[in-house]
Amino acid sequence: MNASTETIGSDSEKDRRPAQPIAVMSSNTRTAVASLDPFADVAATQRYVPRQATERAITEMRAAIEAAMPAVISGPPGIGKTVVLRQLGLRLRPEFRTIYLPYPRLGPDELCAWLLASLGASPRDAPPWLFDAYRAHCSDQGERVLILLDDIASIPTDTAAWLEGQLDVEDGFLRLAAAACTPTPATRLFPSARPVEVSLTAPMSRSECDAYLLARLSGPSVRADARHWTEPVASTLHRISGGVPRALNSAASLYRWGCSLEAVERLVKGEPVEKERIDGTGRRDRSRQERRSVPSVKARVRRRLRLR
């Protein structure tokens, strides 16, 4: 799988070690993972299923970005903040060049190197003055850059101060959209930038859950499994997950790969579960009589070949 390498550093001088590369999942890799499991917990823009809360958040953040104000979305883990960030970046193209930063625990020089590399430059060292020069060049060309910053609470104080200074420049070259579990870090880290705070706390409704499951099961690789996803199944998965997208993905993935709904509920709650057998096709292990009434994948293939 393809992955881009990025540079990570620490926020304290005494603990600052040589930067280490980390693997960041590329868009092609996220798409490949999503094709294997429709409920894989990856924020692929192609798999976005609109719902009222996320569309409202995207609209409010977009208005703030276009007004040259930082926008910060806050909400509990797993509610869909990263998905909103990526969808926002997709909708603002080609007006903005977007740079996604999944791990902002970088020093100012390291952040400069990341930004310059993402913009097409690959300097060995990237002091802040070099970014200022590159910024002036891009501004003359009419380019604008949007940074999508995940987990803003982990950004070092000195890096936040440098980034806030960049956001205050009147040319409007650099814009910021970030995600945090609480709105407090944005106000504390960027006091003079006056970030616009957007809240995303509403879980999926039952109808939104049904639409989400239907969209994820519409691919050609999983279409054969759709007959097992009845209305009682969708209702139970919604109850187990509480409408939280990440929990729903986990529950639906467990059910798809063979767990009974009772086992799924125990696993989501962290309770011990006896290992269930799986018949190798992704369906739950049924009784012998039930298995006789449901032809296997091999039997269906043989039947189709005989018909040809």
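Reader: Is arginine 56 buried, partly exposed or exposed?

Author: This is a predicted model, and in it arginine 56 is partly exposed, with a relative accessible area of 36%.

Reader: Which residue does arginine 56 form a salt bridge with?

Author: Its partner is glutamate 60, and the closest N and O atoms of the two are 3.1 Å apart. Glutamate 60 counts as partly exposed as well, at 34% relative accessibility.

Reader: Where do arginine 56 and glutamate 60 lie?

Author: Both are in helix 2, which spans residues 52-66. They are 4 residues apart, about one turn of the helix.

Reader: How many salt bridges does the structure hold?

Author: The structure holds 8 salt bridges. In general, side chains of opposite charge can pair when their charged atoms come close.

Reader: Turning to glutamate 265, which arginine does its side chain meet in a salt bridge?

Author: That is arginine 239, with an N to O distance of 2.9 Å. The pair links distant parts of the chain, since glutamate 265 is in helix 11 (residues 261-269) and arginine 239 is in helix 9 (residues 231-241), 26 residues apart.

Reader: And which lysine forms a salt bridge with glutamate 265?

Author: Lysine 269 does, the closest N and O atoms being 3.3 Å apart. Glutamate 265 and lysine 269 both lie in helix 11, 4 residues apart, which is about one turn of the helix.

Reader: Is lysine 269 buried or exposed?

Author: Lysine 269 is exposed, and its relative accessible area is 55%.

Reader: A change of topic: at what angle do the axes of helix 10 and helix 11 cross?

Author: They cross at roughly 140°, and the axes come within 9 Å. Helix 10 covers residues 245-256. The two helices are therefore oblique to each other, and helix 10 passes helix 11 in a right-handed crossing.

Reader: Which residues make the contact?

Author: Helix 10 contributes Ala251, Leu254 and Tyr255, while helix 11 contributes Leu261, Val264, Leu267 and Val268.

Note on methods. Residues are numbered from 1 along each chain as its sequence is written. This is a predicted model: local features need pLDDT of at least 70, side-chain atom pairs count only at pLDDT 80 or more; totals for chains, interfaces and linings use all residues. Side-chain values use heavy atoms; hydrogens and water are left out. A salt bridge is a side-chain nitrogen of Lys or Arg within 4 Å of a carboxyl oxygen of Asp or Glu. Buried means under 20% relative accessible area, exposed over 50%, partly exposed in between (1.4 Å probe, protein chains only). Axes are lines fitted to C-alpha atoms, for helices over the stretch in contact, and angles run from 0 to 180 degrees between N-to-C directions. Angles under 35 degrees count as roughly parallel, over 145 as roughly antiparallel, 65 to 115 as roughly perpendicular and the rest as oblique. A crossing is left-handed if the near helix is turned anticlockwise from the far one by less than a right angle, and right-handed if clockwise. Contact means heavy atoms within 4.5 Å.
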